[in-house]
Amino acid sequence: MKEELFVSGRNIPNIDPYLNIWHWEIPSYLFLGGLAAGILFFAGVFTIMGKEEKMAATVEKAPLFAPVALMLGLFLLFLDLKHKLWFWQLYTTIRLESPMGWGAWVLMIMTPISIIWSASYLTELFPNWDWKFKFLKDFEAWVIKNRVLIAWPMVLYAVILGIYTGILLSAFNARPLWNTSILGPLFLVSGMSTGAAVILLISKDHKERKIIGKIDILLIVIELFFITHLFMGYKAGSEAQIDAVNLFLGGSFTAPFFAFVVVLGLIFPVLLEVMELRGYKVPIVVPAILILLGGLIFRFLMVEAGQITRYLY
Amino acid sequence: MRYAMAIDTRKCVGCSDCVVACQTENDVPLGFCRDWVKEVVDGTYPNVSIELRSERCNHCANSPCVRCCPTGASHFEDGGIVLVEHNKCIGCGACIESCPYEARYSHPDGYVDKCTFCIHRVRQSSDPACVSVCPTKCMYFGDLEDPNSRLVNVLKNRKYKSLAPEAGTKPQIFYLL
Amino acid sequence: MQTRRKFIKIGALGLGATALTGGAANWVVGASANNTLKTDYKGSSGWRRIPTYCEVCFWKCAGWSYVSPEGNIQKIIGNNDDPQCNGRLCPRGTGGVGMYSDPDRLKTPLIRVTKNGEQSYREASWEEALDFVANKMKEIASKHGPESMALFNHGSPGKYFTHLLNAFGSNNVAAPSFAQCRGPRDTGFELTFGESVSSPEVTDIRDTRCLVLIGSHIGENMHNGQVQEMSEAIDKGAVIITVDPRLSTAASKSKFWLPIKPSTDLALLLAWIHVLIYDDLYNKEYVAMYAEGFNELKEHVKNFTPEWAYGITTLKPELIRHSAREMANAAPSVIIHPGRHTTWYGDDVQRSRAIAILNAILGSWGNRGGIFFKEGIKIPDFPRPAYPKPAWSWQDTLNGRYPFAKEAVTNTIIEASIPKPGLEHVIKGWIVAGTNLVVSIPLKEQLMQAMQSLDLLVVVDTMPMEITGYADVVLPECTYLERYDDLRATAHREPTIALRMPAVEPKYQTKPAWWISKQIGERLGLGAYYNYKDFKEVLAWQLKQIGSSLEEMERIGLKKYPRKTPVYIESGADFKFKTESGKIQLKSNELLAGGFDAMPVYTPHPQPEDGYYRLIYGRAPMHTFSRTANNRNLVALMPENSVWVNPQVAELWGLRKDQHVWLKNQAGVISNFSVKVRITERIRWDSIYIVHGFGHHHKPLTYAFGRGVNDTELISRVATDPIMGGTGMRGNFVTFVKTEPKKEAKL
């Protein structure tokens, strides 16, 4: 029998018996970041493809959620800081090797772009909206003229934002559960899927919903594929990683993960969407909400379980 | 200059003097600790063995905590000692997540804290508090680049290991076996 | 049983919450704004460095307390020149700051009152409290004679109250450390070598080539010098042999660990003696020159073969032989460690005799790496009148028992405090200084009865330990960091003296023991015995007599004096031991004359029945008995004890790690509190192990209350050693109670 214990009575809050430094703020932020990335990605891509007319909800309405999500996410990040008065130090330096630093700067760029994008559609969506100041009206006109030009960097940064939410975790190789490069693409695809879910929810155009629905089915299949390979990677990894994945294969996270994330959050919605494409009447609310909840719970579980996993020595 | 520590597991009795000394030296708040003692028991009675280790931040040469810090608060000082500058730290917790040895903690005052190799003592040519107090004299501190140091000598003559070398962080604390 | 002296269970005394004097210890909250540069405490910028010697255990390491400019004791470190600690204090000493800053410290004198039938304490002034004590003592003296006052003590305060009682006319002074701890080994060694191994022990561990620990757990027992020297010995390649049913820390560093069946140690010792003699491995020269009774010894151990011992101890014969050979190889630089807490099964003097005999036939006594000769410097007594001769003393309370007890036996004094028809010498008043009798003395019923029968019970302590709940008067002593005390003049390899002086003013209303003793003495008309105003005068006078000064000692803290006598026996010298014949007594004619076995004989001891496990208790290096269970710095390391259970036993009982269980002993006594289970391979399947000193049941100890389990409440069977009265406590067996037992009236 192998026994390990602290002789000196170590019992540091949030570190012992398991690491738990990041609470609900971080997974919520990761979810919101992925959501905004997904929405802005689709908005940008369809604008570039010239399909704004046909994809009104995608391009005009959904992006309204993006700046809200990003600003809420930033606020949650700020809440999570324990030395809040010094938060501005984040912006005094660029540290290329720090994913946290990346996050701070990428958000710095994404948030204004998303605000500008959404703002430029305000007069279309709310006819009574008046910008009041001349320079704002001029700026709006410029943005509307150059939408495609703006869409390119927006798509690029949306992808970076989506992948970054995964890279943030995978950069911490001290947590075996996160120490896998598949997390970046996985979180990107998951984020895009949640973005698509939002679009499905608010779009009134049946044809638009069909297009987005088909893309979402593809995204979910890719996500399931990634998750399978994620688990295969852990199982074939070091003992620390095998221990880590066992949390999800028989350990305390098995039930919530497979029930809420895999079945209810991925498999069931994708089946519903396929059925809808085949012509069955399915209230779109159901798969959309399930995808959103599944994405949120997935991030919660990953952040909590990841902190529990550790190196064995 | 490359500061490092060697700890002789043959002599350590797990008295935890290193923990109390660090506490009184560095004003570590009660309920937190910068160093700790672990006991690992292996075998089946009566073929049992134990290993006693005093652990702390390993002041890694390839430290993930310095790398991941978004503000640069975690940085290297003299001889590779890893320190946290309190007024640059925003308390984001990234460094705590990145440490394979769980050596860092969130100080009640908001910043992240950990073992500093008692740099204030080292700069006055003293040993860190834990090394100075250890009754079994099982701890050695010194400059790996100084061929005349006690530390280099003891590493030359004994077998040693460091913790979780596969984490790739190049820890600078060596446990003599 | 009349509850005239009820145990006062007041929740958080809340008394004496007067303004803190002497500076609040505010060091807990980290205040350093910039951790790269800390205040230099090497003497500049307002920091002070005050010499002291530690009081957390009896080793009394000399050290320095560092006081910040704000007046807080920040840190205590060892004095580099002190051979007892070599500049390094143990965790208890380093954590001594916690003793000073403990929020639960006794703050003012307390007097027991009864209001509306309820007993409680009220705060009193020193005047009142001291008057109370003095008057009661005079009363007792007039009715029963001054001899009727007794003192139970441990540590520094004892000296002042011994002086008080001696001046008063009593020498009924007992320390639990004799009958409850080191008594058997002191007696056993005295009978063999003419003297014992002292405190601190005169074992030459740092130069030994083989250290044999039987029932000693150096490393968990944190006697600083011993642990330091064991570490040095390891570095020098010394072999350690440990005999312990448990894999102690020392056992884990041993070449041979003998996982002996508990209570069978004498069989092993006799088998070792047999092997050394019959395999011709003993130190012939030494034995021929310095010992007598060898032939009788040889005859005595003829049948105590390793094979015989195997059947009793479960130790394989080869193991017994190999370990004996290892000892012989190292001789005379070998130590069979005498141990310290030797009150186990009631035949403990004989077991210590066996250890002494082993040392003798290996020739360790007086040789390098074995047992050295100590030397100390005699501090002259401050001038005083001669003490009166008491009409009777503790020897009279023995009533013919324990003929070899050279010190008072606590239990006979307790016994003499219970009035019985025809009891000639009765004790009516106790002063208890520095010892928590309720936790340290077994035979609880007797203790409780005695305390209820007293006319006066005075407790002098720094903390509201359980014993204070029974006192008539509680006198709050200040900690060692706040007072002057007698010079430490321990005898060891070299004579040293160490000064203790206050680092800060006493907190609250606490006072040093010398002051308390003087105040009581003066009220008793014994002013002539306290011919000074301040203890500083005594120290200054004493230091002058031995070629130093108070000023010098305040500067250096510790002073060494050159040795005048040899530290080992000079090679081939005609050395005379302190026995009557001048030779080592392998066979003890004294014991024989007293009606005891001249040489040790193995007797089997009671074994646990099915479902019960032997209660083995011991120490942890970060605590001192029950004294430190409330010290915030030290409880941060170990807040409570746990019960060590073998995994097979745990499986049998369905116990899980960190589960809480209650313990019930063979007499049905159930522990007050529950204890955490530690499932470990380090303990045998027939025993369980807990660290002594937890399970406090006095609420004013706000941290320690209710944490862990108290082993002494489960020690109801005591095997008294007929030779000197030692109370053997390892013959108790416990079983597990997994659900909370019904609350019964406890203590």
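In chain C, strand 19 and strand 23 (residues 687-691) run parallel and pair over five bridges; pairing here takes at least two DSSP bridges between two strands, and the elements themselves are DSSP runs numbered from the N terminus, with helices (H or I) of at least four residues and strands (E) of at least two. Within that pair, C:Arg614 has C:Ser687 of strand 23 as its bridge partner. The model is a predicted one, with local features requiring pLDDT of at least 70 and side-chain atom pairs counted only at pLDDT 80 or more, while totals for chains, interfaces and linings use all residues. Residues are numbered from 1 along each chain as its sequence is written, and chains are lettered from A and ligands numbered from 1 in the order in which they are written.

Strand 19 of chain C has another neighbour too: strand 26 (residues 733-737) joins it through two bridges, this time antiparallel. C:Arg614 turns up here as well, with C:Phe733 of strand 26 as bridge partner. Strand 19 itself, residues 613-618, is mostly covered, with six of its six residues buried (buried is 20 or more other C-beta atoms within 10 Å of a residue's own, exposed is 12 or fewer, and partly exposed lies in between, with C-beta atoms placed from the backbone).

On the domain level, chain C is assigned domain 1 (203-372 + 569-593) and domain 2 (613-737), the bounds coming from an automatic or database assignment. Their centres, taken over C-alpha atoms, sit 29 Å apart. Domain 1 puts 17 residues into the contact and domain 2 puts in 22, where contact calls for C-beta atoms, placed from the backbone, within 7 Å. The domain 1 side splits into eight nonpolar, five polar and four charged residues; Ala, Val, Leu, Ile, Met, Phe, Trp, Tyr, Cys and Pro count as nonpolar, Asp, Glu, Lys and Arg as charged, and the others, Gly among them, as polar.

Turning to chains A and B, 41 residues of chain A are in contact with 44 of chain B. Strand 2 (35-44) of chain B is one of the elements supplying at least two residues to that side, and its eight residues make up the largest share. The chain B side holds 24 nonpolar, twelve polar and eight charged residues.

Elsewhere in chain B, helix 1 (residues 17-26) has ten of its ten residues buried, so it is largely enclosed by the rest of the structure. B:Asp27 follows helix 1 with a positive phi, near 55°.

How values were computed: Two residues are in contact if their C-beta atoms, placed from the backbone, lie within 7 Å.
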